[in-house]
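These notes are meant to be read beside the model, one point at a time. Please keep the sequence open and find each residue as it comes up.

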Amino acid sequence: MTFILIFALLAVIFTALIFVIVIYNGFIRLRNQCEEAFATMDAYLKKRYDLVPNLVSIVKGYASHEKETLERVIEARNRAMASGSIDDLQKNENVLASGLKRLFALSEAYPDLKANEGFVNLQNQLQSIETDILQARKYYNAVVKALNTKRELFPQSFIAAMMNLEKKEYFEIDSSEKSPVHVSFGDLR
């Protein structure tokens, strides 16, 4: 009888240990997926940052008196590149995206610019990169959702607390990004 109790106790302990190991490894897997998803998104953002100066230099030749818009785009790019946290990156990315929209809206007022092969090529590259960034953000947010959900469910929440696993933030666009861009061309006509 004692042997059966000891065996049952060891089986329960072993099962509990396996359960904890499986949950722990699941958290590690999701955390690594979050880091990988963020790194992928970051690589696409870097590609976008590399295109911005080329776009600005082409637009400068056609719309030199739009200096303020061009400077804002470069400044937004530099701030986004220097972001230290995901919150800063998200905020700075939203400012950059808004500036790029204004930059492309300028091309509507300058037919020569709109017809420039280099500008059109860069614009197409940027649109392709924007699609890649969108997909990377969607993947990142999906992994963050999975991690956050798992860390809040019972009994995984106990293991998440032991691991000091913090809630991850989603990468969301600013509400101003959801509205159309308003560009004033002043005395251009």
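1. Start with Asn92. Leaving aside neighbours within four places in sequence, Asn92 is in contact with Ala76, Arg79, Ala80 and Ser83, where contact means heavy atoms within 4.5 Å. Asn92 lies in helix H3. At 10% relative accessibility, Asn92 counts as buried; buried means under 20% relative accessible area, exposed over 50%, and partly exposed in between, with a 1.4 Å probe and protein chains only.

2. A word on the source. This is a predicted model, in which local features need pLDDT of at least 70 and side-chain atom pairs count only at pLDDT 80 or more, while totals for chains, interfaces and linings use all residues. Residues are numbered from 1 along each chain as its sequence is written, and side-chain values use heavy atoms, with hydrogens and water left out.

3. Confidence comes next. The mean pLDDT of the protein is 83, and 90% of its residues reach 70 or more; pLDDT is the predictor's confidence in each residue, from 0 to 100. Over residues 180–189 pLDDT stays under 50, and the model has 12 contacts beyond four places in sequence for them.

4. The overall make-up is plain. The protein has six helices and zero strands, and along the sequence the pattern reads α-α-α-α-α-α. Helices (H or I, at least four residues) and strands (E, at least two) are DSSP runs, numbered from the N terminus. Of the 189 residues in the protein, 34% are buried. Among contacts with a separation of 6 or more, 78% are between residues 24 or more positions apart.

5. Which residues touch the most other members of the largest nonpolar core? They are Phe27 and Leu103, in a core of 42 residues. A nonpolar core is a set of buried Ala, Val, Leu, Ile, Met, Phe, Trp, Tyr and Cys residues joined through side-chain atoms within 4.5 Å. The elements that give two or more residues to this core are H1 (2–62), H2 (67–81), H3 (86–109), H5 (117–152) and H6 (156–162). H1 supplies the largest share, 15 residues. In soluble globular proteins, nonpolar side chains tend to be buried together.

6. Phe27 deserves a look of its own. Not counting residues up to four places away in sequence, Phe27 touches Leu147, Lys150, Arg151, Gln156, Ile159, Ala160, Met163 and Leu165.

7. An α-helix has 3.6 residues a turn, so residues three or four places apart point the same way.

8. The length of H2 can be checked. At 1.5 Å a residue, its 15 residues should span 21 Å, and the end C-alpha atoms are 21 Å apart, which agrees. The expected span is 1.5 Å times one less than the number of residues.

9. Lys67 counts as exposed at 51% relative accessibility, and its C-alpha atom is separated by 9.8 Å from that of Val56, 11 residues apart along the chain. Glu71 is partly exposed, with a relative accessible area of 46%. Glu71 and Gly99 are 28 residues apart in sequence and 9.6 Å apart in space, C-alpha to C-alpha.

10. Not counting residues up to four places away in sequence, Gln90 touches Tyr170, Phe171 and Glu172. The C-alpha atoms of Gln90 and Ile173 are separated by 7.3 Å, though 83 residues apart along the chain.

11. Finally, the backbone has two details to check. Most residues other than glycine have a negative phi, and most peptide bonds are trans. The peptide bond from Phe154 to Pro155 is cis, with omega near 0°, and Pro155 is found in the loop between H5 and H6. Asn164, in the segment after H6, has a positive phi, near 55°. Asn164 is exposed, with a relative accessible area of 62%.
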